[in-house]
Structures are given as structure tokens and as C-alpha cells.
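Please open the model in your viewer, with the sequence panel beside it, and follow the stops below in order.

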Amino acid sequence: MDNEKLVELITAEVLRRLGRETSRIPAKPAEPAYKALAIFTGGTIGLEVSLEELKKLQARGIEITVVLSQAAETIIGENWIKEKLGSRIQLVTTQSPYPGKHLRAADVVLVPVLTQNTAARLAHTLSDTMVCTVLLQALMLGKPVIAASNAADPADNWRMQKNMANAAPALREALAANLKKIETFGIRLIPVERLAAAAKEVLRREALPVLPGIAVKPAKKQILDAEAVNRAVRSGHKTITVVQGTIITPLACDIARESGLHIVYT
């Protein structure tokens with residue numbers, strides 16, 4: 001046998017063995033395109049609908065991590081979440097380490113059922129529970145936060161159907177004021193049946209961080225983020241001035257529009 005033929009045989013055998021070894025290695029699962037952090041506070045108004053909305057996001061390949069408050073652990077329970085969203089759903093409970101890693105990795109933060117209690121705590125910037133701490137930190141990180149407000153809205157039809165809308169006008173006004181205040185912080189309030197659609201809208205905008213029509217000079221990039229817009233709104237400003245070419249994050253744009261804050265270019 002000549003050397004050339006021998007080399008061919010050896011090469012073929014090596015390739016055959018390499019192929020056999022490679023086939024034994026399990027394929028690495030693809031990374032999800034987006035990640036959502038869903039925080040349950042223990043409320044039940046709109047709960048069933050909210051779980052169906054989360055399933056719509058899962059069907060689009062969005063990875064969901066669920067955070068349960070102490071009340072949610074008791075009222076909803078881990079088993080029911082697994083039954084609705086799958087046994088492999090990532091769960092964070094009060095016994096788990098603080099979900100800072102999950103929060104930093106999240107592309108959007110969802111509150112499927114915002115309760116009046118949680119809305120009141122957030123309106124007064126209280127971080128005395130894990131849920132409020134995570135939500136306030138999400139806002140400070142500039143994360144998009146979307147909350148289904150049915151359970152917290154004193155005028156919502158769900159609450160009226162349960163004869164829970166008979167409070168004194170002063171109380172209804174106080175509860176409504178809490179919702180308006182947390183909106184100025186950057187929390188987007190929506191009906192529960194729009195939870196999936198609102199999340200997908202945010203994720204589409206996050207995929208295009210630079211607004212069309214704005215020329216950005218690579219050497220002089222400036223960014224207007226949600227935190228800066230929130231500071232301007234809290235300070236009572238009606239306009240905020242930025243240099244031409246500034247990158248405005250989608251969440252900052254939403255907050256400015258909803259708060260009536262005008263962005264002026266110089």
C-alpha cells in the first residue's frame with residue numbers, strides 16, 4: 001500500500017471517529033431571544049387572564065422567570081404556577097436568594113396582577129418587601145416595567161362586578177392617585193388582557209434602540225434614558241433639552257410622551 005492510500009484511509013477513520021464522538025455530545029439549547037421577569041403580588045383579580053397572557057409570551061420563545069411574594073406563595077402557590085406555565089418554569093420565592101441576577105438579565109419586568117397594597121407602597125417609594133425592592137430597582141436600572149392595573153384600579157369593571165367599588169370618594173381618589181404617581185415613576189399601566197401585547201411592543205422597540213431620523217455621531221454619543229426623564233418629570237419640568245444626535249431610549253420616549261414632557265433639540 002502506497003503512502004497516499006494509507007493517508008486517505010487514516011483520514012477517513014479519524015473523521016468517522018470524530019463524527020461518532022460529536023454525535024454523543026448533546027446539542028446546546030439555543031438562548032432565548034428575550035427574557036421577562038414576572039412578579040406576582042398575591043392578587044387574584046385578573047389572575048387567570050394574566051397567566052394566559054404569559055403563556056402567549058412563552059409561545060413566542062420569551063423566557064419567563066416568576067417571582068412570588070409571600071402572599072403569592074400562599075394564595076397562588078408554586079404548583080399552580082407550574083401547572084399553568086410548565087413544570088420547568090424558573091421560580092423565585094421568599095426562600096430564594098434575591099433575584100438580582102434575573103432582574104439584570106430581564107428585558108422587561110411584568111406585574112401580572114398589581115394590587116392596591118403594592119401600588120400604595122410603590123407610590124410612597126417603600127422597599128420593605130422583596131416585590132417592591134425588585135420593582136424600584138428595576139425602575140432605577142431603566143428596565144421597562146408593565147403592570148396590569150385591574151386589581152388596583154378602584155373604577156375597574158372587575159372590582160365593580162365583585163361589589164368592591166362602593167368606597168367613599170376620598171378613598172377612591174387616593175387609590176387612583178397612587179396609580180397616577182407610579183405612572184410618573186415609569187410604570188406602564190395596562191388592562192390585563194393587553195399584558196402580552198404590551199410586552200411584545202416594548203421588546204420590539206428595545207430591539208431598535210435608536211429612534212429613526214436621529215443622526216448619531218459615533219464619537220459624540222449621548223443617551224437620554226428613563227431615569228433622566230423621570231427626574232425631569234418629578235422636578236416639575238415641562239421640557240428637557242438635548243443635543244442633536246442624542247440617543248433616546250424607547251422607555252424614556254414613552255415616559256416623556258405620557259407625562260407631557262417635551263424633548264427639545266439644540
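**Stop one: the sheet**

Select β5 and β6 to begin: these two strands pair in the parallel sense over four bridges, where pairing requires that DSSP finds at least two bridges between two strands. Helices (H or I, at least four residues) and strands (E, at least two) are DSSP runs numbered from the N terminus. This is a predicted model, in which local features need pLDDT of at least 70 and side-chain atom pairs count only at pLDDT 80 or more, while totals for chains, interfaces and linings use all residues. Residues are numbered from 1 along each chain as its sequence is written, and side-chain values use heavy atoms, with hydrogens and water left out.

Within this pair, pick Val145, whose bridge partner in β6 is Ile187. Now colour β5 by side-chain direction: Val145 and Ala147 point one way, Ile146 and Ala148 point the other way, and all are buried, buried meaning under 20% relative accessible area, exposed over 50% and partly exposed in between (1.4 Å probe, protein chains only). Moving to β4, you will find that it pairs with β5 in the parallel sense over three bridges, with Val111 standing opposite Ala147. Strand β4 (residues 108–111) is in turn joined by three bridges to β1 (residues 35–40), which runs parallel to it, and here Ala36 has Val108 as its bridge partner.

Which order do the six strands of the open sheet take? The order is β3-β2-β1-β4-β5-β6, with parallel pairing. Because β3 (90–92) and β6 (187–190) stand at the edges with a single partner strand each, one side of each is left without a neighbour in the sheet. Neighbouring strands of this sheet are turned by 25° against each other on average, direction ignored, the axes being lines fitted to C-alpha atoms (for helices over the stretch in contact) and angles running from 0 to 180 degrees between N-to-C directions.

**Stop two: the helix on the sheet**

Next select α7 (residues 130–140), which packs on the sheet and touches β1, β2 (63–68), β4, β5 (145–148) and β6, its direction making about 145° with that of β1; contact here means heavy atoms within 4.5 Å. The buried residues of α7 are Val131, Cys132, Val134, Leu135, Leu136, Ala138 and Leu139. Following the chain onward, stop at Gly142, which comes after α7 and has a positive phi, near 80°.

**Stop three: the cavity**

Centre the view on Val145, Gly186, Arg188, Leu251 and Asp254, which lie nearest the centre of the largest cavity among its 13 lining residues. A cavity is a set of points on a 1 Å grid over the protein atoms alone where a 1.4 Å probe fits but cannot get out, and lining residues have an atom within 4 Å of a point. The volume is about 80 Å³, counted as the space filled by probe spheres set on the points. The elements giving two or more residues to this lining are β5, β6, α10 (195–206) and α12 (250–259), and the largest share, four residues, comes from α12.

**Stop four: a residue in β10**

Finally, select Ile263 in strand β10 (residues 262–265). Is Ile263 buried or partly exposed? Ile263 is partly exposed, with a relative accessible area of 25%. Leaving aside neighbours within four places in sequence, Ile263 is in contact with Leu224, Ile240, Val242, Ile248 and Ala256. Val242 is 21 residues from Ile263 in sequence, and the two are 7.2 Å apart in space, C-alpha to C-alpha.

Note on methods. 1 Å grid on protein atoms, 1.4 Å probe; cavity = no way out; pocket = protein on both sides within 12 Å on 5 of 7 lines; lining within 4 Å.
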